[in-house]
Amino acid sequence: MPSGGRCPDCGSAELVEDSHYSQSQLVCSDCGCVVTEGTLTTTYTDEGNLREVTYSRSTGENEQISRSQQRGLRRVRDLCRVLQLPSTFEDTAIAYYQKAYRHSGIRAARLQKKEVLVGCCVLITCRQHNWPLTMGTICTLLYADLDMFSGTYMQIVKLLGLDVPSLCLADLVKTYCSSFKLFQASSVPAKYVEDKDKMLSRTLQLVELANETWLVTGRHPLPVITAAAFLAWQSLQPSHRLTCSLARFCKLANVDLPYPAASRLQELLAVLLQMAGQLAWLQILKLDKRSVVKHIDDLLQHRHLLMRMAFRNGTAEVESEEELQRQQQRQEAEEVEDKASHVAKGKRPASPALLLPPCMLKPPKRNHSTCPVSTVTGDENISDSEIEQYLRTPQEVKDFQRAQAASQAAMGAPNPP
């Protein structure tokens, strides 16, 4: 059948396809010249103009995938299937992996980093679709180092220019707590079994409280969620569960105990104690960090009001410092004039605590290096190279040269008898 192009020998446009065995050929029907013999691809300009193209310059070379990339793509598919992600998630993660693999820095990276890249692409896809998944879960499945994973994750996000939303705490709480075995009567003793909906509802309220008091900002969410779930579980039946420790709770729930969870628990209890001091019927009980768990229901019910009473905004406090000083002066003047007051002169109730992140309330101690003692007296010899650093104008350079010549002449002159 006729085809486009012309014969290079006779210039005829009568070119036909002639199948020779399994290889298709273009042959001139006028002179019989074989114009081309089975080009590998037909996307390059040279191939479109019926010119032979070497395999290294053809599109077949670009379509070839290395064994390392093939292995990474298989790992992406396997990880998505283990996590039971939808097929659209798998396609998106594969596209991100292929896009990242085109960069030379990723292709030349070590095998451990390429393995971590698989998890990063899956995590980015889940975050973009608001699917509750944490770095810790991916690192556990891939046996990867958390520091290397987080560094690679930030590199890929910046390299590909992706917009990754932050993790939704509410969805993460529901997913994480749903894996607890505390809701199955056959797995734990009867006094430790709890209703799933009640525990999820109270855990969510405690996590929101932790978020409003800066306990979640800049920190890994799982330790905070573990501490909140433990307090929620204790508060639902405090008589039987106050003696249970956090480590035993994690063992009963069949989850790992995150290392900072104990610290997050103490910080959350301190916030609850501060709020309990604002309720009149709890002030006379002299609560501690153990007994305040019994009253978590009351504290959460009036959470917003108690937070305004127990804490003050640290930023607003700094900005309105001068105004507060003027108010204090007026209050002191009123106290002096009010002779019927039972409060002692100059004494006022304690002001609310500052609502600031823990890193600002208790900043880490830093070792300050002592400044070396200077022993400069002014009589030290100054080298020529150091003098040149102080010379600025050409006149100063000439004066310095004349002084240096006079000094040498005086040293070379003979001493008088």
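On a 1 Å grid over the protein atoms alone, a cavity is a set of points where a 1.4 Å probe fits but cannot get out, whereas a pocket is an open set with protein on both sides within 12 Å along at least five of seven lines; lining residues have an atom within 4 Å of a point. Grid points are joined across faces, edges and corners, and a volume is the space filled by probe spheres set on the points. The model is predicted: local features need pLDDT of at least 70, side-chain atom pairs count only at pLDDT 80 or more, and totals for chains, interfaces and linings use all residues. Residues are numbered from 1 along each chain as its sequence is written, and side-chain values use heavy atoms, with hydrogens and water left out.

**Cavity**
- One cavity of 30 Å³ or more is present, and the volume of the largest cavity is about 50 Å³.
- Its lining includes Cys126, Trp131, Leu167 and Asp171.

**Largest pocket**
- The largest pocket holds about 760 Å³ of space.
- Thr134, Gly136, Thr137, Tyr176 and Leu222 are the closest to its centre among 22 lining residues.
- Helices (DSSP runs of H or I, at least four residues) and strands (E, at least two) are numbered from the N terminus; H7 supplies the largest share of this lining, four residues.

**Second largest pocket**
- The volume of the second largest pocket is about 540 Å³.
- Leu215, Glu267, Leu356, Pro358 and Leu361 lie nearest its centre, out of 22 lining residues.
- H14 gives the most to this lining, with five residues.
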